Amino acid sequence: MTSKDRSYLKGLAQPMDTILSLGKSGVTPDFCKSAEEALAKRELIKINVLKNADDEPAAIAEMLGERTRSEVVQVIGRKIVLYKRNKDKPKIILPSEQGRKKKA
């Protein structure tokens, strides 16, 4: 993912509401499954890390990215933004993908 793609996704994520909250139980298999389902449906999700969570938001973001096979777009404070392109029906066209289509 290029820095231009990341910047574009940050702009899309800013007005979004958080759809998942991670608390004391941490990154459980059920939470990962919920995140994967949300990513499959929306491609871009925002997660709130509650104050009672044991780990730091950056560590949680890295763990979620690995387990859901998604890209960590940003971690600001206690908010995490993840992106995973839907291979069948992509909803978000990244700037780097637009360039490829024009050249082809």
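The exercises below, each followed by a worked solution, concern a predicted model.

**Exercise 1.** Work out which strands pair with β4, and decide whether β4 is largely enclosed or open.

*Solution.* Begin with strand β2, which covers residues 44-49 and is joined to β4 by five bridges, the two strands running antiparallel. To find one of these pairings in the model, look at Lys46, whose bridge partner in β4 is Val81. Next take strand β3, residues 71-76, which also pairs with β4 in the antiparallel sense, over five bridges; here Val75 has Ile80 as its bridge partner in β4. Strands β3 and β4 form a hairpin with two residues between the strands, and in this hairpin Gly77 takes a positive phi near 60°. Finally, turn to burial: four of the five residues of β4, which spans residues 79-83, are buried, so this strand is largely enclosed by the rest of the structure.

**Exercise 2.** Describe the largest nonpolar core, and find which element gives the most to it.

*Solution.* The largest nonpolar core has 17 residues, and those with the most contacts inside it are Ile45, Ile47, Ile60, Leu64, Ile80 and Leu82. Sorting by element, β1, α2, β2, α3 and β4 each supply at least two residues of this core, while α2 gives the most, with five residues. Apart from this core lies another, of eight residues, among them Ala13, Val73, Ile92 and Leu94.

**Exercise 3.** Decide whether Glu97 counts as buried or exposed, and find which side chain makes a polar contact with the side chain of Glu97.

*Solution.* Glu97 has its place in helix α4, residues 95-103. Because the cut-off for buried is under 20% relative accessible area, Glu97, at 12% relative accessibility, counts as buried. Leaving aside neighbours within four places in sequence, Glu97 is in contact with Arg85 and Ile92. Of these residues, Arg85 has a side chain that makes a polar contact with the side chain of Glu97, at 3.0 Å.

Definitions and conventions: Residues are numbered from 1 along each chain as its sequence is written. This is a predicted model: local features need pLDDT of at least 70, side-chain atom pairs count only at pLDDT 80 or more; totals for chains, interfaces and linings use all residues. Side-chain values use heavy atoms; hydrogens and water are left out. Buried means under 20% relative accessible area, exposed over 50%, partly exposed in between (1.4 Å probe, protein chains only). Two strands pair if DSSP finds at least two bridges between them. A nonpolar core is a set of buried Ala, Val, Leu, Ile, Met, Phe, Trp, Tyr and Cys residues joined through side-chain atoms within 4.5 Å. Contact means heavy atoms within 4.5 Å. A polar contact is a pair of N or O atoms within 3.5 Å; within protein, one must be able to donate a hydrogen and the other to accept it, and residues adjacent in sequence count only if both atoms are side-chain atoms.
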